[in-house]
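Here's a walk through one protein model, with an eye on its helices, its charged pairs and its aromatic rings. Have the viewer open as you read.

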Amino acid sequence: MTSIEPFVVHSDGARGDLPMLDAARRYGPRLMSLTSILERLAQIITRRPMITLCVTVSIYILLSLLALRIRIDVDFTSMVPQEDPSIKHVFQTMNHFGSLDRVFIAFENTKFNSDEAVASTASLDESQRCVDHLAAIAHGWEWTDPKTGEREQMVPLIKGYHDKAFKEVQSDLLLSRSYMFLDKDNLDNLIKRLHPKYIQARIKRGPSASVPAELRDRDLLGVWNDYLSFWAEQSKSESYIRQKGSYIYSTDERFHVLLLNPRHPGKYMEFCLAMNDRLLSLNDELAKHPQWSHIKLHMVGGYISAANDFKVVKTSLLKTMLSSIIGVVLLFGIAYRSLRLILLIGIGLVPAIAAALGVTTFILGTNLSIVVSAFAAILIGLGVDFIIHLYNSYCWSMAEGDQNRGKAAQRALVRIGPGIIVGCLTSVGTFSVLATSEFKGIFELGVVTSCGLLMVLLSLIIIVPSFLTLWGPRQARQPRGLYGYGDLITRRPLPFGIFTGVLIIAAFVALALNPKIFILDSNLRNLRPYNESYAESLELADTLGIRFGSNKVTLFGEDEEAVLSAGLQFIDNIQPLSKDIPVVAQEAFTLAQLQAKENSLLLDKIPTKKNDLLARYVLGTPWGDCVYERIDDKRVYNLKPIKEIINADQQIAKGDELGIKALFGPMNLNSAMLISPQHQKENLKRLRDEVDWKSIKDTLAQAPDEKREQYDSFFKDMEQMCERVENDQLLLPSELARSPMRGLIDTFYHQEGAEHHFLFALNVRYDRTLIPLEELQKAIGVPLGKDGRPHQKSGVTIGTCGIPTISHYLQKTIVGDFTKLTGIAMALVLVILLIGIRSPIYVLLSMLTLGIGLLFTLSIMRVSNTPWNILNIAVVPLIIGIGIDNSVHFLHCLKHHSFDRNGIRMAIAETGHPIMMTALTSIIGFGSLLFNAYRGIQGIGTLASIGIFACMLAALLGLPLFIIGINQLFGKHEDDDASISSPKLKQTDG
C-alpha cells in the first residue's frame with residue numbers, strides 16, 4: 001500500500017551512498033541543493049579528518065578566549081525594560097537619590113536577660129562605647145573609584161553613634177531655628193521671652209542655672225534648652241527601634257543599631273564588594289577587644305545581599321556547567337557504554353559553547369545579565385541532540401554494510417544532516433524571537449543562544465564526521481531500543497489512542513478547574529538566592545522593624561513649597577494606615593484551631609468603613625502576629641502564625657482584646673507636619689506682629705563688646721531670627737542641601753535643575769507580599785497615576801518607585817510578552833516546517849503534536865503550582881523548538897522508509913531512542929540549573945524540564961497515532977501478517 005501523496009517516499013533498500021537522483025525525488029529542488037552541499041562537505045571533511053578536526057577546534061578555542069572579558073550583572077532590576085514611563089521614573093529616582101540601599105549594623109548584647117524590661121545601664125554604656133569605636137572606623141573608610149580615579153569617602157553619613165561635630169552642626173541649623181516649627185503653647189512662651197527688657201537683663205546677668213553647660217553661651221533666654229525637650233517630644237516613636245540622644249536601639253535595648261548610607265548604590269559591583277569587605281572587617285576589629293566579647297554583630301541591607309549575589313554567581317555558573325556535563329556523561333555512559341561518544345561530546349561541544357559566548361560579546365558587549373548563565377545548559381542539551389542523531393545515523397550506516405568509517409560518516413551526514421539543519425534552524429528561529437522581548441535578560445539570552453546554536457551546528461557538522469572517520473567504531477549495531485514499543489503501538493493503536501485521549505482530557509480538566517491558567521510571580525526578590533544568610537537577614541529585619549523594597553512615593557515640581565506641602569498632605573493621608581486597630585474576640589479560639597488547615601475567628605469593633613487593604617493586615621494574638629486571608633462580615637479567615645509558636649499554652653477567650661496591626665507599622669507624623677510651609681508662615685507672622693524687633697535690635701546693638709564676644713552664638717542666633725522674620729524666610733530642604741546637613745537629607749530630597757524631588761518610603765509591616773498600586777491608591781486617596789505612571793496635579797507630579805512599582809509593571813507585561821513570544825515562535829516554526837516538509841497535512845500533524853506537548857506543560861505547571869516570571873517565559877520558544885524537532889526528525893526518518901505501519905515502526909526504532917535520549921540529556925542539562933543559587937534560574941530549569949518531557953511524551957505517543965489515523969482516514973489498510981512484518985535488523989557488537 002502507498003502512503004499519502006505528495007509526501008510519498010519508499011525505501012529502495014539500497015546500501016551505500018544515496019544517489020543524487022533519488023535525493024532529488026525525495027526532497028525536491030530546495031533540499032536537493034542542501035543535500036548536495038552536505039555531500040560535498042562530507043567528502044572534504046572525511047578526506048582530511050585530522051587537519052579538519054585540529055583546525056576547527058583551534059579556531060573555537062581562540063574564539064572562546066573572548067569570553068574571559070565577560071562580567072555578569074546580578075542586579076535583577078537591570079533586566080526590566082526602562083523605556084516605560086513608570087519604570088523610567090523608578091530609575092531616574094534611583095539616580096537622583098544615589099544609594100537607596102542602606103546598611104544596618106545591629107550590635108546584639110548576648111548577655112541581655114530577656115526577663116528584664118530593658119538592658120542594664122552598665123551593659124548599655126559598654127555597647128555605646130563599642131558602637132562609637134566601630135562607627136568612627138567606618139566613617140574613615142575611603143576608596144578609589146575605578147571609574148573616576150578619585151579618592152572618596154565610602155560612607156558620608158552614619159546615624160546611631162555620638163558624633164560631636166554633627167551634633168554641633170545640627171544645633172546650629174535646626175535647634176536655633178526651632179521657633180519656626182513650635183506649636184502654639186511653646187510659641188507663646190517664646191514670644192513672652194522675646195521682650196527687649198528680658199533680653200537686656202539676660203545679657204547682663206547671663207543664662208539661668210537650669211541651662212546646660214554646653215548651651216550657656218547660646219541659650220541666654222532659656223529657650224534653646226526647651227527646644228531640645230520639644231524635639232524629643234515630637235520625635236517619640238512606637239516603632240521597633242528608637243532613638244535616645246544620638247543612639248538608635250531596639251525597644252528592649254538588646255540591639256544597638258548603626259545606620260550607614262554609603263556613597264554608591266549596591267548594584268555598583270566594585271563598590272559593593274569593597275564595601276562588603278570593609279563591613280566584614282568590623283568583626284575582626286571587634287575580636288581585638290576582649291571587653292566586647294559579649295557583643296555580636298549582625299548586618300542587614302542591600303549591600304550584604306548584593307555582595308553575596310556577586311560571589312554566588314561565580315560558583316553557581318561553574319556548578320551548573322559541571323553538573324550538566326557530568327549528568328550527560330553519566331547518562332551516555334549507561335546508555336551507550338562508549339568512551340568515544342563521551343569524548344566526542346567534549347570535543348564537539350565545550351569549545352563551541354565557550355566560543356559562542358565569546359563571539360556574542362561583539363554584539364552585546366561584555367556586561368551580561370545573570371540570565372545568560374542558562375545558555376550553557378541549553379546548548380548542551382540541544383548540542384547533544386545533534387550528536388546523538390549523527391552518531392545514531394552512523395551506527396545505522398555501519399550496520400547496513402558500510403564498513404568504511406569515512407563512507408559511513410559521509411552517509412550519516414547526508415542522511416540526517418537536513419533534518420538536523422531544519423531542526424537547528426527552528427530552534428535558532430524560536431530563540432531569535434527572544435530578541436524581540438522588552439526584558440534585557442531575555443533579549444540577551446535569545447541572542448547568545450541563537451548565535452551559540454549556529455556555532456554548535458557548524459562545529460558538529462565538521463567535527464563529528466571528522467571524529468567518526470578517525471575513531472568511530474568499526475562495528476556497530478542499529479540502535480533500536482524502542483523497536484518493541486513501535487511494534488506494539490502499530491499493532492495495538494486503539495489502547496494507546498485511548499490512553500493518549502485520557503491524558504489530553506485530564507490536562508484540559510486540570511486547567512478548567514483552575515480559573516487562572518497562569519500563576520504570575522512578579523516579585524523580583526523571589527528571583528534572587530535564598531540561603532541561610534538571606535533568611536537570617538529577613539528575620540533580623542522583622543525583629544528590628546526594618547523594611548527593604550518598600551513602596552516609595554515621589555513628588556516633584558518647580559515650586560518647592562508646593563511640592564513639600566503636597567508631600568506632607570500625602571503623609572497625612574496615610575496616617576490611618578499607620579495606626580493599629582483594636583478589636584475584641586467574640587468567641588474562644590484555641591491553638592488547635594490555629595494550627596488547623598482552615599479556621600476562622602469572629603471579631604468585634606472592626607471599622608465599618610475599612611479600606612481595601614484591611615484584609616492584608618496582621619492580627620496580634622497571644623501566639624504572636626498572624627497573617628490571615630481576608631475579613632468577611634467581621635470574621636477573620638485562615639489565620640497562620642508568622643513565626644514559630646513559643647507560647648503554646650496561650651488561648652483566646654471571648655472578650656479578649658486583640659489588635660489588627662497597622663499596615664505601615666507605627667509612625668509618628670507630628671514632627672513631619674510641623675515643617676509644613678504653611679505652619680512656618682503662621683509662626684513667622686505671629687513673631688513679626690507680636691514682637692518688637694526694632695527694640696530688640698537696639699538692645700543687641702547696645703550690648704558691651706565683652707558680652708558680644710562671650711555670648712557670640714546667642715547674638716548670631718538673634719540676628720538670623722530677626723532677618724528670617726523680617727524677610728518671611730522659610731527653612732526648606734534646599735537650604736539644608738547647601739549646608740553641612742546635606743548628608744542628612746540626601747536620602748529624601750534632591751534638586752535637579754529647577755525641580756525639587758522628595759522621596760517618601762512606606763515601610764510595610766511584614767513586607768514580603770507587595771501591595772498592588774491600585775489598592776494603595778484607594779487606601780491613601782491620592783492618585784499615583786494610571787498603571788504606576790507619574791500623575792501631575794497643580795504643578796506637582798506624584799509617582800511611585802521601588803520594587804512594588806517594577807512588580808506592578810511586570811504583572812502587566814509578562815502575559816503580553818508570553819503571548820507575543822509564543823505567537824511569533826509558533827508562526828516562525830510553521831513557516832520553517834512548510835519550507836522543509838512541504839506537506840500541509842504533516843505540518844498540521846507536527847503542530848498538533850506540539851500543541852499537545854504545550855497543553856501537557858501548562859497543565860503540569862498549574863497542578864504543581866509552578867509560577868511564571870520574567871525569566872522562565874524565555875523557555876517557551878525553547879520548548880517549541882525542541883518539541884517541533886522531535887516531529888521533524890521523525891517525519892524526516894519516515895522519508896527513508898514508508899508511511900505505512902511498517903515505516904512507522906522502523907522510524908520509531910531509528911528515531912525513538914535518539915528522541916528519548918535527547919529529551920533526557922536536555923532535562924539533565926536544564927536540571928543542572930536547579931543547582932544554581934538563583935531561584936529565577938532554577939525556575940528556568942524547572943519549566944524547561946517539564947516542557948521537554950511533555951513534548952517528548954506527545955511526540956512518542958501522539959505523532960505515530962496521528963499518522964496511523966490519517967492513513968485509516970484516507971482508506972489505507974494494511975495486512976498485519978505481511979506488510980508490517982518485522983524486518984531483519986543486522987545485530988553486531990558496538
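Predicted model: local features only at pLDDT ≥ 70, side-chain atom pairs only at ≥ 80, totals over all residues.

Residues are numbered from 1 along each chain as its sequence is written, and side-chain values use heavy atoms, with hydrogens and water left out.

D712 has a partner: K716 forms a salt bridge with it, the closest N and O atoms being 3.2 Å apart. A salt bridge here is a side-chain nitrogen of Lys or Arg within 4 Å of a carboxyl oxygen of Asp or Glu. K716 and D712 are four residues apart in helix α25, so about one helical turn separates them. An α-helix has 3.6 residues a turn, so residues three or four places apart point the same way.

Helix α25 covers residues 712–727, and at 1.5 Å a residue its 16 residues should span 22 Å; the end C-alpha atoms are 23 Å apart, which agrees. (The expected span is 1.5 Å times one less than the number of residues; helices, H or I with at least four residues, and strands, E with at least two, are DSSP runs numbered from the N terminus.) Buried residues in α25 include F714, F715, M718 and M721. Just past α25, D728 takes a positive phi of about 55 degrees.

In total, the structure holds 21 salt bridges.

| Pair | Closest N to O |
|---|---|
| E126 and R129 | 2.8 Å |
| K716 and D712 | 3.2 Å |

E126 and R129 sit three residues apart in helix α4 (residues 121–139), about one turn of the helix. E126 is buried at 17% relative accessible area, whereas R129 is partly exposed at 46%.

Elsewhere, K184, D188, R686 and E690 are linked in a network of salt bridges.

## Rings, and charges over rings

How many aromatic pairs are there? The count comes to six, taking rings of Phe, Tyr and Trp (its six-membered ring) whose centres lie within 6.5 Å, with planes under 30 degrees apart called stacked, over 60 edge-to-face and the rest tilted. Y485 and F496 have ring centres 5.8 Å apart and planes at 80 degrees, so that pair is edge-to-face. Y485 is in helix α16 (residues 483–491) and F496 in helix α17 (residues 493–512), eleven residues apart. F496 is buried, at 17% relative accessible area.

The charged end of R630 sits over the ring of Y637, 4.1 Å from its centre; that label needs NZ of Lys or CZ of Arg within 6 Å of the ring centre and within 35 degrees of the ring normal. R69 likewise lies over the face of F362, at 5.7 Å from the ring centre.

## The whole chain

The protein chain has 33 helices and 23 strands, and 55% of its 990 residues count as buried.

Notes
Buried < 20%, exposed > 50% of the residue type's maximum accessible area, 1.4 Å probe, protein only.
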